[in-house]
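Please keep the sequence and the 3D view at hand as you read along.

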Amino acid sequence: MSVKQNLNKIEEEISNHIEKNSISAQPHVIAVTKYVTIERAKEAYQAGIRHFGENRLEGFKEKKAALPDDAIFHFIGSLQSRKVKDVINEVDYFHALDRLSLAKEINKRANHVISCFVQVNVSGEESKHGIALDEVNEFLNELKDYENIKIVGLMTMAPLTDDASYIKSIFHDLRHKKEEIQQFNLEHAPCTELSMGMSNDYQIAVEEGTTFVRIGTKLVGEEE
């Protein structure tokens, strides 16, 4: 199927979930293009997508050069500190701030304020990156003097499971944490956004009020 057909189906599903759950915000769809060609990314742009997600330095730079200037780029993968200088000033959003040493390097290398999501390991799985849910507040406090970092929201990845109720609880807990942080009115961490939900669980994330969904396979496929 074309990206446009896939997008239409996804947007219809999102709209249905929003209406059913009386949600006011329409989430942004990020096309995760890390496994597809530049031509497929261009097709996604022509279909109306403006948000693109990459997690590999090489692929990110190639696609950014190939797409029009109004394309918005999200770096969604784990980033080694030594590679920060090569990517951080080229992205619009960074979704994987998961440790203080990385924050220090971003703050040092950035030539403007970087919009970051703190990656939260809500499920506690050892295989996943991220700050523990009960350590997020302390982590945010440690970032308050980093003038080049603004925490716009929280991000998580749900476990790979068919247990929809468990996935929903993960997303619910992250939303609750976001709302808690918003009450603090932190200048460096307004935390208005949520990045959660991928091809297999974005419908559940929409029900829990996500503002960004990261969709690869179901939207642009996997061809290389």
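In this predicted model, helix α2 spans residues 38–46, and its buried residues are Arg 40, Ala 41, Ala 44 and Tyr 45. Looking down the axis of α2, you will find these buried residues within an arc of 150 degrees, so they line one face of the helix. The background is simple: an α-helix has 3.6 residues a turn, so residues three or four places apart point the same way. On the face of α2 turned away from the buried side sit the exposed residues Glu 39 and Gln 46. After α2 comes Gly 48, with a positive phi near 115 degrees.

What covers the buried residues of α2? The cover includes the elements in this table.

| Element | Residues |
|---|---|
| α1 | 3–20 |
| β2 | 51–54 |
| α3 | 57–66 |
| α9 | 217–220 |

Now for a strand residue. Gln 119 belongs to strand β5, which covers residues 114–121. Is Gln 119 buried or exposed? Its relative accessible area is 6%, under the 20% cut-off, so Gln 119 counts as buried. Setting aside neighbours within four places in sequence, Gln 119 is in contact with several residues, including His 95, Asp 98, His 129, Met 155 and Met 157.

Met 157 turns up again in the largest pocket, where Val 32, Lys 34, Ile 76, Met 157 and Met 198 lie nearest the centre. This pocket has a volume of about 520 Å³ and is lined by 23 residues. By class, its lining has 8 nonpolar, 11 polar and 4 charged residues.

Key:
Residues are numbered from 1 along each chain as its sequence is written. This is a predicted model: local features need pLDDT of at least 70, side-chain atom pairs count only at pLDDT 80 or more; totals for chains, interfaces and linings use all residues. Side-chain values use heavy atoms; hydrogens and water are left out. On a 1 Å grid over the protein atoms alone, a cavity is a set of points where a 1.4 Å probe fits but cannot get out, and a pocket is an open set with protein on both sides within 12 Å along at least five of seven lines; lining residues have an atom within 4 Å of a point. Grid points are joined across faces, edges and corners, and a volume is the space filled by probe spheres set on the points. Ala, Val, Leu, Ile, Met, Phe, Trp, Tyr, Cys and Pro count as nonpolar, Asp, Glu, Lys and Arg as charged, and the others, Gly among them, as polar. Buried means under 20% relative accessible area, exposed over 50%, partly exposed in between (1.4 Å probe, protein chains only). Helices (H or I, at least four residues) and strands (E, at least two) are DSSP runs, numbered from the N terminus. The arc is that of the directions from the helix axis to the C-beta atoms. Contact means heavy atoms within 4.5 Å.
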